[in-house]
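Here is a brief report on one protein model.

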Amino acid sequence: MECALDRARTGAAAGEVPVGAVLVRNGELLADAWNLTETRQDPRAHAEMIAIGVAADCVRSRRLQDTTLYVTLEPCAMCAGAMVLARIPRLVFGAYDPKGGACGTLRNIVQDPRLNHGCEVVGGVLQEQCAQVLHSFFAALRSGAATAL
C-alpha cells in the first residue's frame, strides 16, 4: 500500500486526483499507476484501469489470476467491473469512497454472487494516510480556486 500511496502522490503533483494502484503477483510488481484522467482527458484513465491494462500486457493474458490489486481509494463501478473481468482474486484498498465506492460502500460489484468471479476485499489499509492525500489535494484545489476569484 505504501507503493500505491507513492503513486497517488505522483498523481497529485501532476494535478491528477491522487489515487494510486499497484498490481502484484507472488510478491512481484506487475504494474503501478496513478490517475491520468486529466492528463489524457480520458474518463477511463483511472489508476486501477491503467494498472490492469499494463499487467495484462505484461503477462499477455486478460486473466490476472493469483494477483492482488492495492489501491488507495475504494474502486468505482467501472474499475470493480474490470477487476471481475480480469479475474483479480484479491483487492486491498485504503480509503472508503462514500460517493462512488463499488467494493462494499455503495454497492459491492466484486462480491456479487450473480457474477462469474468474486474477489476477496480488504478495506481500510492505511486508511488515514490514503484519505489525507485526497483531503490535502482537494483543500489545496479549493484554496487555489478561492484565490483566483
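In which sense do strand β1 and strand β2 pair, and over how many bridges? The pairing is antiparallel, over 6 bridges, between β1 (residues 20-25) and β2 (residues 28-34). Strands pair if DSSP finds at least two bridges between them. Strands (E, at least two residues) and helices (H or I, at least four) are DSSP runs, numbered from the N terminus.

This is a predicted model: local features need pLDDT of at least 70, side-chain atom pairs count only at pLDDT 80 or more, and totals for chains, interfaces and linings use all residues. Residues are numbered from 1 along each chain as its sequence is written, and side-chain values use heavy atoms, with hydrogens and water left out.

**Hairpin and positive phi**

Arg25 has Glu28 in β2 as its bridge partner. The hairpin of β1 and β2 has 2 residues between the strands. Asn26 takes a positive phi there, near 50 degrees.

Most residues other than glycine have a negative phi. Arg60 is not a glycine, yet its phi is positive, about 55 degrees. Arg60 sits in the loop between α3 and β3. Arg87, also not a glycine, has a positive phi of about 60 degrees. Its loop joins α4 and β4. Arg87 counts as buried (under 20%), at 16%.

**Core**

A nonpolar core is a set of buried Ala, Val, Leu, Ile, Met, Phe, Trp, Tyr and Cys residues joined through side-chain atoms within 4.5 Å. The largest one has 42 residues. Met83, Ile88 and Leu91 have the most contacts inside it. Elements giving two or more residues to this core include α1 (2-13), β1, β2, α3 (47-59) and α5 (127-148).

Ile88 touches (heavy atoms within 4.5 Å) several residues, not counting those up to four places away in sequence; among them are Leu23, Ile52, Met83 and His117.

**Aromatic pairs**

The whole structure holds 2 aromatic pairs. Rings of Phe, Tyr and Trp (its six-membered ring) pair if their centres lie within 6.5 Å; planes over 60 degrees apart count as edge-to-face, under 30 as stacked, and the rest as tilted.

| Pair | Centre to centre | Angle between planes | Type |
|---|---|---|---|
| Phe93 and Tyr96 | 5.0 Å | 85 degrees | edge-to-face |
| Phe137 and Phe138 | 5.2 Å | 80 degrees | edge-to-face |

Phe93 is buried, at 0% relative accessible area. Phe137 is buried at 13%, whereas Phe138 is partly exposed at 30%.

Terms used: Buried < 20%, exposed > 50% of the residue type's maximum accessible area, 1.4 Å probe, protein only.
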